[in-house]
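Hi,

Here is the structure I promised to pass along. Have a look at it first, and my notes on the helices follow below.

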Amino acid sequence: MTASTEAKGAASALPPVHVIGTGLIGASIGLALTAAGADVTLEDQSETSVSLARDLGAGRITGDVAPGVVVVAAPPDVTPRLVVAALQRWPEAVVTDVASVKQVILADLVRAGVAIERYVGSHPMAGRERSGAISARADLFEGRAWVLCPHAGSDPAATQVVSRLARATGAAVTTLSPADHDAAVAAVSHAPQVAASLVAARLEHLSEQAVGLAGQGVRDVTRIAASDPGLWTQILSGNAGAVAQVLRAMSQDLVGIVEALEALSTDPHVADAPGARAVLARSIADGNAGHARIPGKHGAPPAAYAVVRVVVDDRPGEVARLLTEIGEEGVNMEDLRLDHGLGLPFGVAEISVLPAAAGPLTEALQTRGWQIHS
């Protein structure tokens, strides 16, 4: 993907960048910055990982100049040690890390007694279920939030350098204190991971017949449950207090739902379970309200898209043909989801478009021979 003009402009103002850690995030940072024109060098304790990242185009392994900015892209439990080493190894460089917890890392740096004026924590809010350099993408951060978390002693000039680095990847930069960041990600990232894992765990001992009934709903809810247990143990441990607070509130709501359901299962008559249905309805309605606040495409305000559902035969090239013909009609697709029928030779492609485009697209696809699923 070609870097945007804004990203190239930000990259042109960057000093040489050194990335420590060439997993998914580190290699993606290298790919994005290199595509934007930045000078990037790479480092990793795994020779295979760093060589693969280099071969994929994320940067060079050895550099002939000292970096002006260092990015530590490592698991949270080793991040403080690597940040300390980078601050000492390159006494003129700005150092950032991209771990998903911030307060515990800052506290470790303070305990280490190093000068941290040149350190600015940050966190790109992007990722994939797959890990490693082989899964890295140059556009991983495009339009995604990248949170800067300067501390009380951060040099403002250092914060500006990290901001330029984030913008050079195509990310949308925002700023939070380390405490506010950890509270926010507990609600929008860490607690959802726990919830997805708990729902998915309920499937482990179901019969094959029961699991075979799984539809798009359970796939959506459990998508992130395939994450790395070791990494998420570190993340949850590092943000334990904030995550516990969110989960405690969720557990109280869940208890109310369980009690309502038990009242209904004992006797389903309205008169014998007063208030139970209100609890259920209120829970779903509150979920509607929360979901409506999630930002839309590229971080824009939430948008109400129309969905055109197209029946797609399960044979090679059909999805590609559908997408090509949507493009030929001049319609911008906002989102795509495929729903496969159980044991059926076809699926349904759910195409999200702006409401004004739904009618013309439906007519055009029907003219081209596609079956529209009402």
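Predicted model: local features only at pLDDT ≥ 70, side-chain atom pairs only at ≥ 80, totals over all residues.

On the α7 side, S189, H190, Q193 and V194 take part, meeting W232, I235 and L236 of α10. Sorted by class, this contact has four nonpolar, three polar and no charged residues.

Helix α7 (residues 178–201) also packs against helix α11 (residues 240–266), at an angle of about 60° and with the axes 8 Å apart. Here too α7 is oblique to its partner, α11, but this crossing is right-handed. From α7 the contact draws on D182, A183, A186, A187, H190, A191, V194 and A195, while α11 supplies A242, V243, V246, L247 and M250. By class there are 11 nonpolar residues, one polar and one charged.

**Helix α13**

Which residues of α13 are buried? In this helix (residues 318–328) they are E318, L322, E325 and I326. Looking down the axis of α13, you will find them within an arc of 105°, so they line one face of the helix. As a reminder, an α-helix has 3.6 residues a turn, so residues three or four places apart point the same way. The cover over the buried residues of α13 includes β8 (306–313), β10 (346–353) and α14 (355–367). Just after α13 comes G330, with a positive phi of about 75°.

Happy to go through any of this with you.

Best wishes

Definitions and conventions: Residues numbered from 1 in each chain as written. Heavy atoms only, no water. Axes fitted to C-alpha atoms, helices over the stretch in contact; angles between N-to-C directions. Helix = DSSP H or I, 4+ residues; strand = E, 2+ residues; numbered from the N terminus. Parallel < 35°, antiparallel > 145°, perpendicular 65-115°, else oblique. Left-handed = near helix turned anticlockwise from the far one by under 90°. Contact = heavy atoms within 4.5 Å. Nonpolar A, V, L, I, M, F, W, Y, C, P; charged D, E, K, R; others polar. Buried < 20%, exposed > 50% of the residue type's maximum accessible area, 1.4 Å probe, protein only. Arc of directions from axis to C-beta.
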